[in-house]
Amino acid sequence: MFTELSYQDLNINAIDEIRNGWFLISAGNSEKYNTMTANWGTIGHLWHESVAIVFVRPQRYTYQFTEENDHMTLSFFPREYRPALTILGTKSGRDCDKVAESGLTPVEVEGTMTFEEASYVLVCKKLYYEDIKKENFLDEAPLLRNYPLEDFHRMYIVKIEKILKHA
């Protein structure tokens, strides 16, 4: 199903994958988990670690799972799965079984959840979080464009512990 890669073998354009391909943030285990579609984030190197930085609003159902669990996955898909990611980004797991509606196949890896159809999966451990704050914006344009309701995200810096590629 998945094989492990080193970061040197991960050959993706991270900006394109995040911005245009989207990805899923998933936390929890096979007994109880949730996932959400995201297209904000970054992958890089910080504090002598390979890291990702992701953002989750507290009102999202997935937030509960990212808070309660030390690990999460970031799952990237071929563009043909865009309709599934649209469902997972527009419906709440509080209200329906959106994973079933999406047609994706959930699978537990390393004690947390991802999906069999993912091309790449980053298994991540939380290192740090910070809540986005209005007073920290140096340029008002992103604040006005992205937070008209002042519903700020929580930012998580996560260590990439494993990179898995669909076999």
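Guide: Happy to. Let's start with Trp47, which sits in the loop between strand S4 (41-46) and strand S5 (49-56). Keep in mind that this is a predicted model.

Visitor: Is Trp47 buried, partly exposed or exposed, and what puts it in that class?

Guide: Buried means under 20% relative accessible area and exposed means over 50%, with partly exposed in between. Trp47 counts as partly exposed because its relative accessibility is 47%.

Visitor: Which residues form a nonpolar patch on the surface with Trp47?

Guide: Leu127 and Tyr128 do, and together with Trp47 they have about 310 Å² of accessible area.

Visitor: Now for charges. How many salt bridges does a search of the whole structure find?

Guide: To spot one, look for a side-chain nitrogen of Lys or Arg within 4 Å of a carboxyl oxygen of Asp or Glu. Here the search of the whole structure finds eleven salt bridges. One of them pairs Glu49 with Lys159, with the closest N and O atoms 3.7 Å apart.

Visitor: Why does the pair of Glu49 and Lys159 tie together parts that are apart in sequence?

Guide: Glu49 belongs to strand S5 and Lys159 to strand S10 (residues 154-166), so the pair ties together parts 110 residues apart in sequence. Glu49 is partly exposed, at 26% relative accessible area, and Lys159 is partly exposed at 26% too.

Visitor: What does Arg57 form a salt bridge with?

Guide: Its partner is Asp151, and the closest N and O atoms are 3.1 Å apart. Arg57 is in the loop between S5 and H2, while Asp151 is in the loop between helix H5 (140-146) and S10, so this pair ties together parts 94 residues apart in sequence. Asp151 counts as buried, at 19% relative accessibility.

Visitor: Which residues are linked in a network of salt bridges?

Guide: Glu4, Glu110 and Lys162 are linked that way.

Visitor: Let's look at a helix residue. Where is Thr66, and is it buried or exposed?

Guide: You'll find Thr66 in helix H2 (residues 61-68). Thr66 is buried, with 0% relative accessible area.

Visitor: What does the side chain of Thr66 make a polar contact with?

Guide: The side chain of Tyr156, at 2.9 Å. A polar atom of the Thr66 side chain also lies 2.9 Å from the backbone oxygen of Tyr63. Leaving out residues up to four places away in sequence, Thr66 touches Ile25, Ala27, Val56, Met72, Lys126 and Tyr156.

Visitor: Last one: how many disulfides are there?

Guide: The test is a pair of cysteine sulfur atoms within 2.5 Å, and by this rule the count is zero. As for cysteines, Cys124 is buried at 0% relative accessible area, whereas Cys96 is partly exposed at 26%.

Terms used:
Residues numbered from 1 in each chain as written. Predicted model: local features only at pLDDT ≥ 70, side-chain atom pairs only at ≥ 80, totals over all residues. Heavy atoms only, no water. Buried < 20%, exposed > 50% of the residue type's maximum accessible area, 1.4 Å probe, protein only. Helix = DSSP H or I, 4+ residues; strand = E, 2+ residues; numbered from the N terminus. Polar contact = N/O pair within 3.5 Å; in protein donor to acceptor, adjacent residues only side chain to side chain. Contact = heavy atoms within 4.5 Å. Patch = residues over 30% accessible without salt bridge, like charges linked within 9 Å, V, L, I, M, F, W, Y side chains within 5 Å. Areas by Shrake-Rupley, 256 points an atom, 1.4 Å probe, with all protein chains shown as cover.
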